[in-house]
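Below is a short briefing on the fold, dimensions, surface and core of one protein model.

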Amino acid sequence: MWAFVFIVATIFIGALMQRIAGMGLGLLGGPVLSLVAGPVAGILIINVLASVNAIMQTISVRENVDWKKFWLIGPVMALGALPGAWVVHNTPSGPLQVLVGGLVLLALLVTSFMPQRMRVDGPQYAVASGVAGGFMNTLAGIAGPAITVYAQASRWPAQTFAATLQPLFFVSGALSLLFKEISGDVSVFATTPVILWPLCLVAMIVGIFLGTRVSRRVPIVQARKLAVILATTGAAVTMFRGISATFGA
């Protein structure tokens, strides 16, 4: 019962923060659900819900989506998602939690402290960000940071970048789910209680609705700082728990 409450509350907060700050559902939900439901089932739940959330977000920002960049990055995410699924199904729970927490911390570190003077451009960098995003999303539920690094380095305008992220989140989530379902011995839908899906969906919709209202009053810079703090805390706890489980501490 408490696990259900914790998961639903995490989805609500993640959806709320994503609507306000443009990030949150994967960064917050990935580490927390890895702790509560395990690194395999937890990230799979995030993959499903992030895909649904991305569809709703894409509809609202479709006019600002850079579809040329989307078609450059989206399809190659499969090249990262496939090996990511292999790692998920061939890594013990403890080390996998270390990987999930460590990837989130690394992603936050790179996107927060990447030198502003760094400048790259060209299709090869966009493709590389797509492959990295597909791998990270399959493993840890976070595709955004890899693409954010490319966006910052290529000076991708913030408005079209934020909008284009939404259909990319759908693609990365759908690919991650597809490859993990195909390569896994047991389907996540068979092992996850049915009641959890509608509860999480309602929590996500309410979070987006409230986030839309709150976003008019909360500066995006402050909201992103809070999202980073929450994500860092969750990732650190997940990583240390994984280390403890791995070494039997």
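From the N terminus on, the elements run α-α-α-α-α-α-α-α-α-α-α-α, giving 12 helices and zero strands. Helices (H or I, at least four residues) and strands (E, at least two) are DSSP runs numbered from the N terminus. The model is predicted: local features need pLDDT of at least 70, side-chain atom pairs count only at pLDDT 80 or more, and totals for chains, interfaces and linings use all residues. Residues are numbered from 1 along each chain as its sequence is written, and side-chain values use heavy atoms, with hydrogens and water left out.

**Dimensions**
- The C-alpha trace spans about 45 × 40 × 30 Å along its principal axes.

**Burial and contacts**
- Of the 249 residues, 49% are buried (under 20% relative accessible area, 1.4 Å probe, protein chains only).
- Among contacts (heavy atoms within 4.5 Å) with a separation of 6 or more, 83% join residues 24 or more positions apart.

**Nonpolar core**
- A nonpolar core is a set of buried Ala, Val, Leu, Ile, Met, Phe, Trp, Tyr and Cys residues joined through side-chain atoms within 4.5 Å.
- The largest has 24 residues, of which Leu-27, Val-104, Met-136, Leu-139, Ala-140 and Ile-142 touch the most other members.
- Two or more residues each come from α1 (2–21), α2 (25–37), α5 (77–89), α6 (93–113), α7 (123–140) and α12 (220–247).
- α6 gives the most to this core, with six residues.
- Not counting residues up to four places away in sequence, Val-104 touches Leu-27, Pro-31, Ala-140, Ile-142, Ala-231 and Ala-235.

Note on methods:
Buried < 20%, exposed > 50% of the residue type's maximum accessible area, 1.4 Å probe, protein only.
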